[in-house]
Amino acid sequence: MERRVVVEIDLKALVRNYRKIAAHVKPAKVLCVLKANAYGLGVGAYAKALAKAGCTMFGVAEPYEALELQKALKSCVSGLKSSAKDVRRKTKDAKFEIQILSSILPDEIPAMVRAGVILPVIDVATAKLISAAAVKAKVVAKVHFKLDTGMGRLGILAKDALAVMREVKKFPNLDCEGVFSHFPMAYDPKDPFTKRQIRLFKSIVAAAEKEGFKFKKVHISASDGINNFPETAKRPFTVVRTGINLHGSFDPYGKKALKVEPVLSLKTRVAQVRELPAGTTLGYGRTWCLAAPTKVATISAGYADGLPLALTNRGFVFIGGRRCKIIGRISMDYTTVDVSNVPNVKPGDEVVCFGMCGRDSITPDDWAVLKGTHAYDIICSLGNRVQRVVK
Ligand SMILES: Cc1ncc(COP(=O)(O)O)c(C=O)c1O
């Protein structure tokens, strides 16, 4: 039996989005960010679809995610029997690389080195521990210097970058193959702060290369940067990271240079339909009072499924091919909707909370605007009981 609330994931649209991004940034390569269980949607299905589409670089936030992703990619290679011959060959031969993008804690290092996960160097002490673990495991650990050029969150401060790099270069069993940074507000294409970050980052990379560093992977852009700062897909940059655009969503304020498609549809079903008289108030807080007799459907999804409270009396869903207004406060498991304009609506009917309806659509980005947030928050807030269904 299917759960009452499902999020359908259109893997074909996901792959088309990946290919669109890859074509847009060529010859730079795309690292797909699948942290937080692919933004809560299920890392296994995402990893397999993207690996078959030719992606070889993946990013996560922490070790547990790295190991889950590694498992998914291994099972993808062993489960290729039903794929076309050329996909089978390419995917089998691919060397998948998994990278932790944020920080690594001392006790996490040995297992990550043994697993061959690419690690961030956020300071000299971390690099020393990675080197020691690599020596012990008799391997060479790949690392990327993580520079804080303005994010103010993690990494080596720009002023210390060269000194740290020089020090780390002395440590054995490290392959310092990469250097990267992150933007805090690349959603604004005119933002002078981002432009300064790019200049600062490039100057550090150039100075390091003068001292003999040969970085294979140089990256600064995530989705916002890819859309708004095309220069970050050109030399010295060789890699871009993408997360939210894979799902077909954007930062609400950014220019949307890429035409990515919606990947996600959130669906539930009608629980009950009632004709209610004028004067009836709906739900907690009695925030909506019917001005006239109204046909009201109660649908089987609420804030526990990820419907933001901000949709109360403002949002819409699709039922029977029509756009229907949410009336009354969203509760944990149910939401009330005006279905006066929908003929023959009955319990069990499908409700599209976000997704397509003919040419009309409701997107996580639309919800984000109502909630005063971004699509990341909407997508990552889909509840545990929402079944992830791959199409
Ligand atoms: C370091 C880093 N790179 C890339 C991403 C992916 O960002 P986006 O989903 O905007 O593409 C994130 C997300 O927060 C991140 O923290």
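1. Burial and His219. A residue is called buried when its relative accessible area is under 20%, exposed when it is over 50%, and partly exposed in between, with a 1.4 Å probe and protein chains only. His219 has 1% relative accessibility and therefore counts as buried. This residue belongs to strand β9, residues 217-219. The side chain of His219 makes a polar contact of 3.1 Å with the side chain of His144, and another of 3.1 Å with the side chain of Arg241. A polar contact is a pair of N or O atoms within 3.5 Å; within protein, one must be able to donate a hydrogen and the other to accept it, and residues adjacent in sequence count only if both atoms are side-chain atoms.

2. Basis of the values. The model is predicted: local features need pLDDT of at least 70, side-chain atom pairs count only at pLDDT 80 or more, and totals for chains, interfaces and linings use all residues. Residues are numbered from 1 along each chain as its sequence is written, and side-chain values use heavy atoms, with hydrogens and water left out.

3. Overall description. The protein chain has 12 helices and 20 strands; helices (H or I, at least four residues) and strands (E, at least two) are DSSP runs numbered from the N terminus. Of the 391 residues in the chain, 51% are buried. Along the principal axes, the C-alpha atoms fill a box of roughly 80 × 50 × 40 Å.

4. Salt bridge between Glu211 and Arg166. The whole structure holds 18 salt bridges, a salt bridge being a side-chain nitrogen of Lys or Arg within 4 Å of a carboxyl oxygen of Asp or Glu. One of them joins the side chains of Glu211 and Arg166, at 2.7 Å from N to O. Because Glu211 lies in the loop between α9 and β9 and Arg166 in helix α8 (residues 161-169), the pair ties together parts that are 45 residues apart in sequence. Glu211 is partly exposed at 33% relative accessibility, and Arg166 is partly exposed with a relative accessible area of 41%.

5. Further salt bridges. Lys346 pairs with Asp349, with 3.0 Å between the closest N and O atoms. Lys346 is partly exposed, at a relative accessible area of 47%, whereas Asp349 is buried, at 18% relative accessibility. A salt bridge also links Lys371 to Asp377, where the closest N and O atoms are 3.0 Å apart. In this pair Lys371 is partly exposed at 35% relative accessibility, and Asp377 is partly exposed with a relative accessible area of 22%. Elsewhere, salt bridges that share partners join Glu97, Lys142, Glu177, Lys216 and Lys217 into one network.

6. Asp191, a buried charge. Asp191 lies in the loop between β8 and α9. Asp191 is buried yet has no salt bridge, and the nearest side chain of opposite charge, Arg196, is 6.9 Å away. Lys and Arg count as positive and Asp and Glu as negative, while His and the chain ends are not counted. The side chain of Asp191 does make a polar contact of 2.5 Å with the side chain of Thr194.

7. Surface patches. Patches consist of residues with over 30% relative accessible area and no salt bridge; like charges are joined within 9 Å, and nonpolar side chains (Val, Leu, Ile, Met, Phe, Trp, Tyr) within 5 Å. Lys190, Lys195, Arg196, Arg199 and Lys255 form a positive surface patch. Lys190 is located in the loop between β8 (174-180) and α9 (192-210) and counts as exposed at 68% relative accessibility. Tyr303, Leu309 and Met332 make a nonpolar surface patch of about 290 Å². Leu309 sits in the loop between β14 (294-299) and β15 (316-319) and is partly exposed, with a relative accessible area of 46%.

8. Ser203 lies in helix α9 and is partly exposed, with a relative accessible area of 39%. A polar atom of the Ser203 side chain lies 2.7 Å from the backbone oxygen of Leu200. The C-alpha atoms of Ser203 and Cys324 are separated by 54 Å, the two residues being 121 residues apart along the chain. In helix α3 (residues 43-52), the buried residues are Val43, Tyr46, Ala47, Ala49, Leu50 and Ala51. Gly54 follows α3 and has a positive phi, near 110°.

Notes: Accessible areas come from the Shrake-Rupley method with a 1.4 Å probe; for residues, only the protein chains shown count as cover. The place of a charge is taken as NZ of Lys, CZ of Arg, CG of Asp or CD of Glu.
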